[in-house]
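Thanks, everyone. Please have the model open while I talk. I'll go from the core to the sheet, then to a few single residues.

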Amino acid sequence: MSTIYYPSCKFTAMSPESSEKISDYLSREHGITIEGCCRPSHPHLTAQDTAITICNTCAAICSEDSPAKIISLWEILDQDPNFKLPDFHQEAMTLQDCWRSYDRPDVQAHVRSLLRKMNVNIVELPENHEKTRFCGTSLYSPLPEANGKFAPRRFIENAEGLFIPHTEEEKKELMRQHCASITTDKVICYCVPCTKGIQLGGKQGIHLLDLILGNYEH
């Protein structure tokens, strides 16, 4: 019976300082085992194990292709009374929900709870919660074969009309169009492709963990 944290290859590559800092905290304060990539290791998970994920793709893979219990990093931090959060004094920030977790109300609730605890004035988008179909430019690119293999419900059965290849210029224009109606400069995401897509569209896309840990341009 193990509790394992998957730190996300993509998030670690994008924000190594935040990734190392949260991994150290989870290991030191919670005794959680830090794993590497979920793809080679998730088949070893058992029904007695708990997998903690920061990446929505990791969550889909582990939930569809293993018997383990899956919870998000946001739940761990939201329920940790000793984890210190910054105070943003009611600064308005838009929250971008991710298509890869459109049916995970638990994830969405803990994300919003953390933002409220940080005194962020959350600006909701019309297409939020289960209505979101945004995941940066990743939905305008071919589906990685491993994602479809390990999590076919998420990435094939429930992805009709998505993962259609576009040119780089088309992707940039789609991101610009998406960001055009966003009223704040700061847009908080809990997904790497979402964060990069918002940045490509001209807004200050900030990953939630970077916001929490202060690792972003102020």
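Let's start inside. The largest nonpolar core holds 67 residues. Leu73, Trp74, Leu208 and Leu211 have the most contacts inside that core. Bear in mind that this is a predicted model.

Take Leu211. What does Leu211 contact, once neighbours within four places in sequence are left aside? Its partners are Pro86, Phe88, Met93, Leu115, Met118, Ile188, Ile206 and Tyr216.

Now the sheet. Four strands make up an open sheet, and the order is β6-β5-β7-β8. The pairing is parallel. At the edges sit β6 and β8, the latter covering 204-207, and each pairs on one side only. From one strand to the next, the twist averages 40 degrees.

Look at one pair in detail. How many bridges join β5 to β6? Five, with β5 spanning residues 91-96 and β6 spanning residues 120-124. These two strands run parallel. To get from β5 to β6, the chain passes through helix α6, residues 105-117. This β-α-β crossover is right-handed.

As a reminder, strands of a sheet pair through backbone hydrogen bonds, either parallel or antiparallel.

Stay with helix α6 for a moment. Pro105 lies in this helix. Is Pro105 buried or exposed? Pro105 is exposed, because its relative accessible area is 56% and the cut-off for exposed is over 50%. In sequence, Pro105 is 24 residues from His129. In space, the two are 7.2 Å apart, C-alpha to C-alpha.

Next, another helix. Helix α10 takes in residues 192-200. Which strands does helix α10 lie across? Three names here: β5, β7 and β8, with β7 covering 186-189. Relative to β8, helix α10 runs at about 165 degrees.

Within α10, look at Thr195. Thr195 has a relative accessible area of 1%, so this residue counts as buried, the cut-off being under 20%. What surrounds Thr195, apart from its neighbours within four places in sequence? Contacts go to Met14, Cys189, Gly205, Ile206 and His207. Ile206 also turned up in the contact list of Leu211.

Over to you for discussion.

Definitions and conventions:
Residues numbered from 1 in each chain as written. Predicted model: local features only at pLDDT ≥ 70, side-chain atom pairs only at ≥ 80, totals over all residues. Heavy atoms only, no water. Pairing = 2+ DSSP bridges. Right-handed = clockwise from strand over helix to strand, strands pointing away. Axes fitted to C-alpha atoms, helices over the stretch in contact; angles between N-to-C directions. Contact = heavy atoms within 4.5 Å. Core = buried A, V, L, I, M, F, W, Y, C linked by side-chain atoms within 4.5 Å. Buried < 20%, exposed > 50% of the residue type's maximum accessible area, 1.4 Å probe, protein only.
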